[in-house]
Amino acid sequence: MNKSPLMQRDGTKKLIASLLSILIGLFFGSILVLIVGLTTSNIGAKGAWDGIRLIFIGLFSKSRDASGNLVFGMNTTNIGNMLFRATPLIMTGLSVAVSQKTGLFNIGAPGQYLMGTMASLMISLSIPSSSVPPFVIWLLAFLGGCLAGAIWGAIPGILKAFLNINEVIACIMTNWISANLVTWFFDIAKFSTMTGSFYCQTKWKIADGSFKNMVENTKSGYVYKTSWNNVATPKLGLDKLFPDSQVNAGILIAIVIAIVIYIIINKTTFGFQLKACGSNRHAARYAGIKDRANIIYSMSIAGALSAAGASLYYLSGNTEFSWNTYQSLPAIGFNGIPVALLAVNNPIGVIFSGTFMAMLNIIGTQLTKFTAYNEYITDVIIAVIVYLSAFSLVIRSLIAGRKKNTSVANDANADKTPAKPEDTGKSGADAEQEAAPPTDAGTEKGGAQA
Amino acid sequence: MDNSQDYVIEMLNITKVFPGIKANDNITLQLRRGEIHALLGENGAGKSTLMSVLFGLYQPEEGVIKKNGEVVKINNPNDATALNIGMVHQHFKLIEVFTVLDNIILGAETTKLGFLQKKEARKKVEELSKRYKLNVDLDAKVEDITVGMQQRVEILKMLYRDNEILIFDEPTAVLTPQEIDELMEIMRGFAKEGKSILFITHKLNEIMAVADRVSVLRKGKYIGTVNVADTNKQELSNMMVGRPVQLQVQKAPAQPKEVILDVKDFTVPSKLHHNDAVKHISFQARAGEIVCIAGIDGNGQSELIYGLTGLEKSSGGTVTLCGQDISKASIRTRLGNLSHIPEDRHKHGLVLDFTLEQNMVLQRFREKDFQHFGFIDNGNVRQYAQRLIDQFDVRSGQGPVTIARSMSGGNQQKAIIARELDRDKPLIVAVQPTRGLDVGAIEYIHNQLVNERDEGKAVLLVSLELDEVMSLSDRILVMYEGEIVGELDPKQTTVQELGLYMAGAKRQGGTSHE
């Protein structure tokens with residue numbers, strides 16, 4: 001009774017819907033590539049064909065041979081880089097997914113990410129590696145980053161819980177506050193009263209105890225990297241597996257965190273409470289669950305996850321946080337939203353959708369490397385996929401081939417209705433009529449089924 | 001069918017099959033012009049499905065629909081509207097932030113060059129509301145008017161579209177007794193005007209009061225059609241349920257024992273206005289008795305229960321439950337000694353997107369049977385839910401894993417009652433536990449509450465239904481404007497006297513504080 005056939009299961013339908021969105025997105029990108037190619041003189045049909053192939057299998061593109069043809073094959077550098085770039089995307093995706101699972105929309109991931117970046121960098125560069133083992137510094141920096149993100153996420157949570165302020169608005173505001181806060185810390189703040197502990201690195205401006213980087217400030221802004229202080233995420237042999245790439249143990253940590261989050265949400269009493277509050281705050285309260293506390297927990301966890309993504313990215317040792325007065329929010333934070341959307345908020349799914357987004361990123365760089373195309377074409381593909389995954393409910397119902405109830409509410413009931421040929425044609429007419437989705441009839445039917 | 005001209009609508013041999021279930025099995029329904037025809041059946045009997053077929057929401061596998069003797073095909077609600085069939089749904093389909101007038105004309109707007117002609121519409125609506133005495137403020141926003149008024153808007157919507165055949169899907173479930181009387185009057189007016197009314201219900205009193213004929217469905221099958229004049233409530237309920245039903249609650253006299261709940265000088269502020277919703281009230285509930293709080297909706301009963309159960313903060317007085325002062329305690333602490341069947345099963349009672357089994361352990365998931373070191377023991381949860389489902393006969397499509405939202409209202413309520421009674425607490429707070437349920441389910445719930453009483457529980461019942469108050473309670477407390485204005489013994493009082501207290505026309509001295 002509980003195990004329906006594989007194709008009828010909700011999870012299967014969600015997966016197919018997401019895969020369909022991806023396929024249609026890639027297909028749309030190909031058409032775009034074709035049109036751009038055929039209308040641009042220096043690309044032409046051959047260039048367009050190269051572009052289309054890159055969009056689908058760009059991850060495995062290696063080089064051009066002597067006669068100018070693309071060579072495809074196993075490209076461990078690309079795969080390694082993809083895994084590296086997937087790490088922060090998985091984390092921000094998880095952040096959005098956790099909040100969604102508990103009925104909240106965390107659009108504050110960019111701000112939480114920035115706060116995590118700041119805390120991690122400050123900790124990892126402030127403790128001298130000459131006196132403290134780099135591993136300990138790494139751990140402190142990672143945990144400090146998570147804590148900063150958790151605090152930053154808790155702010156909209158508290159506002160929502162006690163004052164019922166919409167978390168979306170509060171998140172957007174905390175995003176910009178964090179951008180300016182980071183500016184202040186790295187550019188303006190003076191820590192002269194706290195002299196001593198910050199003086200460990202010659203790379204920091206010592207005289208007035210600020211976090212200004214006085215060495216690498218020749219570019220447009222200041223550059224920070226943790227390798228100055230010998231702090232870097234261990235490679236755990238992954239660099240042997242994927243030579244010449246940036247990959248490190250961060251991806252493994254991200255996967256472990258995703259699995260842990262999956263278990264917390266689905267298997268524990270804590271997750272049960274979070275979900276109950278998310279689905280029906282009133283019923284949760286009625287049942288003696290502290291609804292306010294759970295909203296704050298949920299946002300704090302989301303914040304910590306985003307910040308952990310930032311920590312894993314910047315503590316890797318081979319990235320630099322290049323910064324001048326911060327006027328834009330990190331895109332990785334916002335990209336968590338499509339990652340979560342594509343994974344239908346499933347923490348395990350986020351691992352794959354995050355990796356997929358990172359692959360598109362790699363494909364973008366390969367496009368610029370091997371063809372005259374602009375890498376931003378992959379952004380268009382992402383946009384299409386996001387649009388389609390927002391419609392995944394429609395796609396899911398198309399897969400089921402059933403009549404689409406106007407009320408999403410009835411989904412659960414109707415989901416077990418197998419395809420009926422005469423029903424499919426009517427969905428349009430049903431959606432048009434202004435009143436009366438058959439909710440009542442649906443519930444009645446549910447009762448009669450027993 | 002000798003003279004089919006008599007019938008304005010005929011649904012002949014309708015069969016509608018859903019996977020695994022015949023929702024309608026060869027059902028014939030014939031509606032005469034100018035009659036009020038009741039459609040009676042338990043939850044899940046197929047009433048709503050049949051009406052959805054008539055309204056074009058479902059296509060029947062077999063059978064035909066005739067209007068004025070001619071076969072018609074109704075493919076969607078627009079077809080139904082074109083045939084002058086209108087429907088008032090159980091859950092209203094109104095846009096809350098629109099005005100009453102906007103809601104009425106929505107979808108049937110008169111326009112000139114694409115601009116709305118509201119003046120004409122207003123005139124027509126005003127005429128209609130005057131003619132049928134459907135007074136409602138056309139410029140009020142729907143969210144600001146009462147449920148009874150919202151229903152009038154729905155009725156005006158049908159009239160505005162010149163509908164001749166009016167379907168009312170359980171229209172009284174959300175109304176107060178006064179509003180029900182008014183609705184009955186309106187329905188009689190329609191019938192007099194020659195409009196034909198299909199009245200879906202499971203309330204026998206209303207059928208006896210207003211209907212001309214009644215067709216009974218049971219488990220998707222057509223049982224029969226009878227003239228209301230030739231039948232009685234007992235016969236109808238037997239037809240509906242398929243076995244003799246006790247309409248009167250059978251119970252022995254109460255034997256009250258020790259005090260379980262002691263409320264003193266209790267005050268709860270109102271969310272709607274600056275006055276207190278519950279004003280300095282004091283009462284007790286003892287083990288082994290059913291104490292009923294009676295009153296017209298909105299006289300502070302809901303707030304009293306919210307205050308007692310901790311859903312809202314009280315501003316004064318004490319509540320002592322089993323010897324423990326709980327007036328400042330957390331909801332979880334209070335749940336340690338009380339079961340709460342809430343007024344609003346969708347808002348408080350259930351997490352609708354959770355499965356039935358998750359809802360069954362909504363309060364108990366922390367107990368050691370259901371979790372180990374913070375990990376939920378799904379095996380035990382499943383077993384427990386299955387036991388409650390069997391024991392309380394909760395019907396659902398997929399058993400414990402059914403999503404609560406997909407269950408019928410009656411079974412949702414049964415699930416809540418199963419959960420609350422099985423928690424086995426000394427005090428049972430039941431707020432309108434039978435609202436919207438059919439006779440069979442009501443009988444069941446009443447018997448359960450009496451059983452709990454006989455086992456030594458204190459039952460605090462809040463009810464708006466006078467029949468229920470009179471038959472179920474051992475002691476009646478009448479609430480009027482936030483105060484207890486009378487304590488009555490159901491054996492020594494009459495419905496009329498109770499009504500006077502409820503309306504505030506009469507009060508006992510000394511019981512209330514001012």
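This is a predicted model: local features need pLDDT of at least 70, side-chain atom pairs count only at pLDDT 80 or more; totals for chains, interfaces and linings use all residues.
Residues are numbered from 1 along each chain as its sequence is written, chains are lettered from A and ligands numbered from 1 in the order in which they are written, and side-chain values use heavy atoms, with hydrogens and water left out.

**Entry 1: chain A as a whole**

I looked up the make-up of chain A and found 19 helices and four strands. Of its 450 residues, 55% count as buried. I then turned to contacts (heavy atoms within 4.5 Å). Among the contacts in chain A with a separation of 6 or more, 68% are between residues 24 or more positions apart.

**Entry 2: helix α9 of chain A**

I asked how many of the 11 residues of helix α9(A) are buried. The helix spans residues 269–279 and is mostly covered, with eight residues buried. Among them I listed T269(A), F272(A), L274(A) and C277(A); K275(A) is also one of the buried residues.

I located S95(A) in helix α3 (residues 76–101) of chain A. S95(A) has a relative accessible area of 0% and is therefore buried. Its side chain reaches the backbone oxygen of A302(A) at 2.7 Å. Leaving aside neighbours within four places in sequence, I found S95(A) in contact with residues including N106(A), Q112(A), A302(A) and S306(A).

I next found S316(A) in the loop between α11 (291–314) and β4 (321–323) of chain A. S316(A) counts as buried because its relative accessibility is 4%. The side chain of S316(A) makes a polar contact with the side chain of T319(A) at 3.1 Å. A polar contact is a pair of N or O atoms within 3.5 Å; within protein, one must be able to donate a hydrogen and the other to accept it, and residues adjacent in sequence count only if both atoms are side-chain atoms. Not counting residues up to four places away in sequence, S316(A) touches F84(A), A232(A), T233(A) and N248(A).

I placed P134(A) in helix α5 (residues 134–163) of chain A. With a relative accessible area of 33%, P134(A) is partly exposed. P134(A) and N229(A) are 95 residues apart along the chain, yet their C-alpha atoms are separated by 7.9 Å.

**Entry 3: strand β11 of chain B**

I noted that two strands pair if DSSP finds at least two bridges between them. Strand β11(B), residues 213–218, is mostly covered, as five of its six residues are buried. With β3(B) (residues 36–40), β11(B) pairs in the parallel sense over four bridges, and V214(B) is the bridge partner of A38(B). With β12(B) (residues 221–227), β11(B) pairs in the antiparallel sense over six bridges; here S215(B) stands opposite T225(B). β11(B) and β12(B) form a hairpin with two residues between them, and K219(B) in the turn has a positive phi of about 50 degrees.

**Entry 4: an open sheet in chain B**

I traced an open sheet of four strands in the order β14-β13-β16-β17 (chain B), with antiparallel pairing. Which strands stand at the edges? They are β14 (276–286) and β17 (324–325) of chain B; each has a single partner strand, so one side of each is left without a neighbour in the sheet. Two bridges join β16(B) (residues 316–321) to β17(B), and T320(B) stands opposite D325(B).

**Entry 5: two helices of chain B**

I looked up helix α14(B) (residues 409–422) and helix α15(B) (residues 439–454), whose axes come within 12 Å and cross at roughly 10 degrees. Axes are lines fitted to C-alpha atoms, for helices over the stretch in contact, and angles run from 0 to 180 degrees between N-to-C directions. α14(B) and α15(B) are therefore roughly parallel to each other (angles under 35 degrees count as roughly parallel, over 145 as roughly antiparallel, 65 to 115 as roughly perpendicular and the rest as oblique). The residues making the contact include I417(B) and L421(B) of α14(B) and Y444(B) and I445(B) of α15(B).

Conventions: Buried means under 20% relative accessible area, exposed over 50%, partly exposed in between (1.4 Å probe, protein chains only).
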